[in-house]
Amino acid sequence: MAFSNEQLERYSRHMILKEVGVKGQKRLLESKVLIIGAGGLGAPAALYLAAAGVGVIGIADADDVDLSNLQRQVIHTTPDVGKAKVRSAEESMKAINPEITVHTYRTYVLANNIGQLIAEYDFIIDGTDNFPAKFLINDACVLGKKPFSHAGIIRFQGQLMTYLPGQGPCYRCVFSSPPPPDAVPTCRQAGVIGAMGGVIGSLQAMEAVKYIIGQGELLCGSLLTYDALNMEFRKIKLPRRDSCAVCGSQPTIIAPFDYEQAACEVKG
Amino acid sequence: MNITVTGSTKEYPQGLTVAQLIQLEKVATPEYVTVSINDEFILSATFAEKTLNEGDHVEFMYFMGGGR
């Protein structure tokens with residue numbers, strides 16, 4: 001594949017980097033990333049991956065844009081209120097970079113569709129806002145041997161980790177099962193500072209890009225935590241849990257399944 | 001004895017258990033915190049009897065469910 005003059009100009013700041021170069025940019029253009037959730041985390045991740053020239057970006061979300069989303073979900077604008085989030089996200093991504101392909105999935109991601117959804121992608125970004133979805137994505141990616149970036153944000157805090165197939169640890173190694181509904185506050189109940197999605201979602205995009213170009217150290221075996229009030233990043237070493245129900249030596253989870261969700265949190 | 005908890009080293013009483021440390025450090029959701037000592041996960045069922053030793057590195061990991 002030869003680069004057009006326009007591509008050479010568009011991606012010049014990438015291609016000048018020795019870690020990216022022509023080869024890395026070619027890899028980005030040929031890569032496929034799925035973003036689950038077009039919200040606080042998914043918005044910056046989608047924008048940066050589109051700008052980076054990731055060839056195919058899948059975006060899954062069942063909701064419409066709400067006015068209360070706009071404090072942090074920078075991929076949507078005020079005139080988008082009421083529009084399907086995946087449509088609004090697609091328009092923003094295509095506006096930044098018309099040469100990428102965007103696949104939209106206006107659906108909740110559940111056990112009955114996740115396997116098919118992740119199958120055609122190289123890397124998955126968890127930008128969801130609830131524990132049932134986070135555990136589902138973990139299980140499906142472990143079982144489907146897909147690398148993914150997990151993240152969570154609340155108030156002035158955020159954290160993320162990256163799972164690599166066969167290397168682990170996975171999210172379930174750290175947290176063996178979801179907390180009961182309403183035991184741990186959600187952003188809707190507790191709030192979240194808007195820029196937190198920007199910080200952590202951009203770091204998820206960074207992990208995807210590094211994975212695709214094959215450079216640097218991924219957050220595999222590490223949980224990166226960010227406390228904005230103290231302005232402190234910490235990298236916590238994560239061991240594998242041999243007794244993990246999905247990636248351990250004797251797994252009991254052999255197919256993705258849905259946890260019940262707190263009714264008030266079905267809509268993000 | 002000195003223990004490093006979430007990156008800062010402080011003096012703690014001898015024979016301190018993980019459950020007592022969780023209380024001392026005012027962990028917000030003690031029932032749902034994941035704990036590692038020297039990069040090994042500790043089963044939550046053993047928090048009450050697991051004692052800490054001089055030089056241990058303890059980390060707390062919290063559920064963060066938000067994202068959209």
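**Chat about a two-chain predicted model**

Me: Which residues does Gly221(A) touch, leaving out those up to four places away in sequence?

Reply: Gly221(A) touches Pro169(A), Lys237(A) and Leu238(A), not counting residues up to four places away in sequence, where contact means that the C-beta atoms, placed from the backbone, lie within 7 Å. This is a predicted model, in which local features need pLDDT of at least 70 and side-chain atom pairs count only at pLDDT 80 or more, while totals for chains, interfaces and linings use all residues. Residues are numbered from 1 along each chain as its sequence is written, and chains are lettered from A and ligands numbered from 1 in the order in which they are written.

Me: How far apart are the C-alpha atoms of Gly221(A) and Pro169(A)?

Reply: They are separated by 5.8 Å, although the two residues are 52 residues apart along the chain.

Me: And is Gly221(A) buried or exposed?

Reply: Gly221(A) is buried, because 21 other C-beta atoms lie within 10 Å; the cut-offs are 20 or more for buried, 12 or fewer for exposed, and partly exposed in between. Gly221(A) sits in the loop between helix 10 (194-213) and strand 7 (222-227) of chain A, with helices (H or I, at least four residues) and strands (E, at least two) taken as DSSP runs numbered from the N terminus.

Me: Switching topic: at roughly what angle do helix 6 and helix 7 of chain A cross?

Reply: The axes of helix 6 (residues 111-119) and helix 7 (residues 131-143) of chain A cross at roughly 50° and come within 10 Å, the axes being lines fitted to C-alpha atoms, for helices over the stretch in contact, with angles running from 0 to 180 degrees between N-to-C directions.

Me: Which residues make that contact?

Reply: Helix 6 of chain A contributes Ala111(A), Ile114(A), Gly115(A) and Ile118(A), and helix 7 of chain A contributes Leu136(A), Ala140(A) and Cys141(A).

Me: What about the two chains, how many residues of each are in contact?

Reply: There are 32 residues of chain A in contact with 16 residues of chain B. On the side of chain A that touches chain B, the largest share, four residues, comes from strand 5 of chain A.

Me: What is the strand order of the open sheet in chain B?

Reply: The five strands run in the order 2-1-5-3-4, with mixed pairing, and two strands count as paired if DSSP finds at least two bridges between them. Strand 2 (8-11) and strand 4 (40-42) of chain B stand at the edges with a single partner strand each, so one side of each is left without a neighbour in the sheet.
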